[in-house]
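Hi there,

Here is the structure I promised to pass on. My notes follow below it, so please have a look when you get a chance.

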Amino acid sequence: MSVLLSILAVGIALYLILYYNVIRGSRCTSSVTLKGKTAIVTGSNTGIGKATALDLAKRGARVILACRCKQKAEAAVYDIRRESGSNEVVFMHLDLGSLKSVRSFAETFLKTELRLDLLINNAGMLGPGYTEDGFGMVFGVNHLGHFLLTCLLLDRLKECGPSRVVNVSALLHRLGSVDFALLGTHKDLVSGQSTWHNFRAYCHSKLCNVLFTRELANRLEGTSVTTYSLHPGVIHTEFGRNLKLWQRLFLEPISKLFFMDAERGAQTTLHCALQEGIEPLSGRYFSSCALQEVGAKGRDDALARKLWEVSERLSNLS
């Protein structure tokens, strides 16, 4: 019995060491206030997007929750208004799996809102399916929808500078690649819809986020708009809601024990959105509220430029 207790005690001690030194992550230390500023946060009805929106609202920003599900978004608006004490939190419908919806959102926003200081491309998904326009769902939501949204709002961001675009990527971008031939034939970065294909599609889409940020920074050089990509950490959220039931049941206890909560997971996003003095680092990648090096493919300027050009064509911008 004493041996079992000793093993249990060691296990708890190791978990606590891991939790306080790795899992909790770093915190955004910026004390910047955002009175008079406007922010858009995509996918902000739950998880790190909601936590990000709450923090921005507490700082005085007008926050637009850009979400697909009206019911969940309106519940999030209620929660954030109550917790922040701010009524400057509103929902606007955005379905990143529909280029028509992205254009409609941008048109409505530009007609009804005078400012845009922060665009936080937070929404992401992992799972099977296809977008309204026939693209692989992961590629369409995680990259192409955000690409089009950002391009449509760039002029307003420039008018309101200094402003920032923050793209939530992931460490798994290191496992990603971009197969333009496959994108041309399948309108996707993978050739199937299996669990393995879905995982690969996610990795590829996160590399696209990094490359998009890099090329966007190059194109914004000389303006007052800067942009950053980031790995938020491994978060316990509803992110895997599109996975199969057995996969969710397997991951749930693991994520509760070893993954960060949403508030902790939002810290690097907030650092990139708020931290003063990082403007010279536009186009770079952050993790744990600090500058990090991206994988080799994420530093390929020619690849980033080609992805931009292909994305323009696929979203009918060019």
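T227 is found in strand 6; helices (H or I, at least four residues) and strands (E, at least two) are DSSP runs, numbered from the N terminus. At 0% relative accessibility, T227 counts as buried, where buried means under 20% relative accessible area, exposed over 50% and partly exposed in between (1.4 Å probe, protein chains only). Leaving out residues up to four places away in sequence, T227 touches V165, N167, T213, L216, A217, L281, S282, G283 and R284; contact here means heavy atoms within 4.5 Å.

Before going further, a word on the source: this is a predicted model, in which local features need pLDDT of at least 70 and side-chain atom pairs count only at pLDDT 80 or more, while totals for chains, interfaces and linings use all residues. Residues are numbered from 1 along each chain as its sequence is written, and side-chain values use heavy atoms, with hydrogens and water left out.

Strand 4 (residues 118-121) and strand 5 (residues 163-168) run parallel and are joined by 4 bridges; N121 has N167 of strand 5 as its bridge partner.

Axes are lines fitted to C-alpha atoms, for helices over the stretch in contact, and angles run from 0 to 180 degrees between N-to-C directions.

Helix 7 (residues 195-219) also meets helix 11 (residues 301-314): their axes come within 8 Å and cross at roughly 90 degrees. The two helices are therefore roughly perpendicular to each other (angles under 35 degrees count as roughly parallel, over 145 as roughly antiparallel, 65 to 115 as roughly perpendicular and the rest as oblique). Among the residues making this contact are L211, F212 and L216 of helix 7 and L303, L307 and W308 of helix 11.

Finally, the charged pairs. The structure holds 13 salt bridges, each a side-chain nitrogen of Lys or Arg within 4 Å of a carboxyl oxygen of Asp or Glu. One of them joins D79 to K50, with the closest N and O atoms 2.8 Å apart. D79 lies in helix 3 (residues 70-84) and K50 in helix 2 (residues 47-58), so this pair ties together parts that are 29 residues apart in sequence.

R164 and E279 also meet in a salt bridge (2.8 Å, N to O). Here R164 lies in strand 5 and E279 in the loop between helix 10 (267-274) and strand 7, so the parts tied together are 115 residues apart in sequence. R164 counts as buried at 8% relative accessibility, whereas E279, at 36%, counts as partly exposed. K37, R115 and D117 are linked in a network of salt bridges.

Best wishes

Technical notes
Two strands pair if DSSP finds at least two bridges between them.
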